[in-house]
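Here is a brief report on one chain. It covers the nonpolar cores, a sheet and the model confidence.

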Amino acid sequence: MHTAAPRTPTGTHVHAEPCRTGSRGRCGFSLCPAGLGGLSGADSHLRTRGTQEARGAPRALSSVVALGANIICNKIPGLAPRQRAICQSRPDAIIVVGEGAQMGISECQHQFRFARWNCSALGERTVFGQELRVGSREAAFTYAITAAGVAHAVTAACSQGNLSNCGCDREKQGYYNQAEGWKWGGCSADVRYGIDFSRRFVDAREIKKNARRLMNLHNNEAGRKVLEERMKLECKCHGVSGSCTTKTCWTTLPKFREVGHLLKEKYNAAVQVEVVRASRLRQPTFLRIKQLRSYQKPMETDLVYIEKSPNYCEEDAATGSVGTQGRLCNRTSLGADGCDTMCCGRGYNTHQYTKVWQCNCKFHWCCFVKCNTCSERTEVFTCK
């Protein structure tokens, strides 16, 4: 990453990172707020030309920045046409989108670090990592967590003044809650703006009119809804000698780990659905819960899936499973990380090594430190 600089529409660039071998599930893109620097090869002339023109021709600079945004946005993998248009018009926002998407992927990997599926997949690489081909509950979680991640990151950037066209929640400023004796103050996080931006950008990738589109859109909204419901109220007392004569309050974002925990609970209780089609054109219209004979729709915050999950034991390009071969497991655990479960009955390899470190260090006058050498035999287990 480059040294951070003020994030303005005329001072941002995006740096696309190629997937590296062994980085399944983590491939995305990094976004660097450092002007138009960092473009490589044929693009390097753009930076020089932009620097020269900036000294005496602001209008020319803006055209160079527009050209740079066009080049940059065309390099980001997996953008739908509407997403590319947003990228070109809001290069400062696309930086934050990348941060939010990566935050969602990282949280997904944390929540599933002990499971057979550890938020990795074989499939097309996009802004939001590797796409899961099967409309499973795992796919439901990835869509929900990345949509929430983008909304969270955009809201935080607005509150910090790092994005144009947004800031604090102005509707709350100056309002007095007479019943509870406090008034709005400070900078309330404008989560509605973050959610709206996430809705416009993240949902824009759903182009095909099929059941998977309805599933993805529902899970995107569920992730954003969970974020909105976990917004917190913080207050500060004002008065003489610490008394609370007056109190000002503002809304803040929850820790994203909290959102991840809640969505993991939603994943465990995910609902299988089926599509209901329009009678004339046979187009998918809405989703209903599959096990019920009525037309009951899932709840807004339910995670929904249309296909059962594969077992993720073996690598399978058709389902996007990377398998569990080589994964670390716990020989004594009876849970999902246990070797019997993780390795799907194939067995496991035992690796022994000796860990050596300096211990029991003491300072001697004057002036040296003397330590003992400690060692420990350690075993790790990996699936066959």
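## Cores, sheet and confidence

In this predicted model, the largest nonpolar core has 39 residues, of which Cys108, Trp117, Phe141, Val259, Leu263 and Leu303 touch the most other members. A nonpolar core is a set of buried Ala, Val, Leu, Ile, Met, Phe, Trp, Tyr and Cys residues joined through side-chain atoms within 4.5 Å. Buried means under 20% relative accessible area (1.4 Å probe, protein chains only). Elements that give two or more residues to this core include α5, α8 and β9. Helices (H or I, at least four residues) and strands (E, at least two) are DSSP runs, numbered from the N terminus. The largest share, eight residues, comes from α5. A second, separate core of 24 residues includes Ile94, Ala101, Ala157 and Tyr193.

An open sheet has the strand order β14-β16-β15, with antiparallel pairing. Strands pair if DSSP finds at least two bridges between them. β14 and β15 are the edge strands. 15 bridges join β15 to β16. Thr350 has Phe381 in β16 as its bridge partner.

Confidence is given as pLDDT, the predictor's value for each residue from 0 to 100. The chain mean is 81, and 79% of residues reach 70 or more.

Over residues 1-61 the pLDDT is below 50. Where pLDDT is low, the predicted coordinates should not be read in detail.

Residues are numbered from 1 along each chain as its sequence is written, and side-chain values use heavy atoms, without hydrogens and water. Local features need pLDDT of at least 70 and side-chain atom pairs 80 or more, while totals for chains, interfaces and linings use all residues.

Key
Contact = heavy atoms within 4.5 Å. Buried < 20%, exposed > 50% of the residue type's maximum accessible area, 1.4 Å probe, protein only.
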